[in-house]
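Student: Could we go through this structure together, one piece at a time?
Tutor: Gladly; have a look at it first, and then ask whatever you like.

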Amino acid sequence: MTVRTVLTIAALTLREAARRRVLRSLAALTVVLLSLSAWGFSRIDAEFGGLTSGEARLTASLVLNLVMFGLSLIAALGTAFLAGPTMSGETESGIALAVLARPVRRSAVLLGKWLGLVVFGSGFVAVAGLAQLLIVWTTTGYWPPHPVTGLALLAGQAAALLTLGLLLSTAVSSMASGIVAVGLFGATWIAGVVGGVGQALDNDSVARVGTVSRMLLPTDGLWRGAMNSFQDPTLLTQFSEAFKGHPFLSATGLTPTYAGWAAVWVSLVLALAAVAFQRRDL
């Protein structure tokens with residue numbers, strides 16, 4: 001497996017993704033979300049002109065995290081439904097057989113497609129996320145403390161989900177792989193909310209639901225780290241009791257240990273996808 005082969009396939013995957021209809025759908029959804037958020041943020045001061053500086057930061061952080069979750073959901077939908085056709089779609093259509101008839105390793109094809117999709121997902125998060133941050137800064141004057149870290153974690157979330165989508169696409173159809181991946185994304189987020197409620201109520205059994213789900217699929221853990229990067233660091237000290245366990249506030253940032261686990265998880269799932277693709281009958 002040569003680096004040149006992987007990079008070539010990655011470039012072709014990017015070009016193919018740019019031509020798919022799902023990209024136009026992603027662009028339309030993003031424009032709608034950004035437009036609605038711009039209108040909403042511009043109305044905060046008009047509707048709640050009597051807010052103190054702390055209350056204004058709290059409102060901006062909450063709404064920003066809510067909108068960023070919307071962007072992360074759009075990225076999840078896009079990457080999951082792009083990953084499926086990239087592998088299973090080409091296998092079912094016979095394109096993969098034509099490519100692999102040449103002296104090209106299956107692992108190189110898989111890694112190249114994964115790299116292309118990661119670049120696509122990261123680029124979407126960077127452009128859409130930066131646009132959203134500029135909207136918030138222009139309308140409210142709020143700028144998050146760690147925007148680069150937050151956007152990087154959202155990109156990592158998209159990478160984790162598309163890796164799962166690639167693994168699923170080696171076993172089931174492209175549509176099924178996308179549906180299952182997005183379903184697991186949503187289930188993990190709900191489990192994280194349940195775990196947060198358990199922590200707020202000091203119920204270890206319920207809190208363990210969120211912990212276990214974040215280990216099985218790190219998307220929610222990465223999302224919570226991103227939320228902590230976008231929100232004002234003084235909020236939870238000022239409003240700790242009123243917003244304890246809130247689904248769009250994160251009490252702690254991402255630890256290096258968990259970031260390492262997320263990287264290991266992606267590597268393991270990508271390796272499983274390579275083994276499954278290697279054994280698949282084309």
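**A loop, a helix and a core**

Tutor: Tryptophan 143 sits in the loop between α5 and α6, where helices are DSSP runs (H or I, at least four residues) numbered from the N terminus. The model is predicted, so local features need pLDDT of at least 70 and side-chain atom pairs 80 or more, while totals for chains, interfaces and linings use all residues. Residues are numbered from 1 along each chain as its sequence is written, and side-chain values use heavy atoms, leaving out hydrogens and water.

Student: Is tryptophan 143 buried, exposed or partly exposed?
Tutor: Tryptophan 143 is partly exposed, because its relative accessibility is 39%, and that class lies between buried (under 20% relative accessible area) and exposed (over 50%), with a 1.4 Å probe and protein chains only.

Student: And what comes just after α5?
Tutor: Glycine 141 does, with a positive phi of about 80 degrees.

Student: New topic: which residues does threonine 188 contact?
Tutor: Threonine 188, which belongs to helix α7, is in contact (heavy atoms within 4.5 Å) with Ser213, Leu217, Thr219 and Asp220, leaving aside neighbours within four places in sequence. Threonine 188 counts as buried because its relative accessible area is 7%.

Student: Which residues touch the most others in the largest nonpolar core?
Tutor: Among its 57 residues they are Leu64, Met68, Trp223 and Phe230; such a core is a set of buried Ala, Val, Leu, Ile, Met, Phe, Trp, Tyr and Cys residues joined through side-chain atoms within 4.5 Å. Helix α3 gives the most to this core, with 14 residues.

Note on methods
Helix = DSSP H or I, 4+ residues; strand = E, 2+ residues; numbered from the N terminus.
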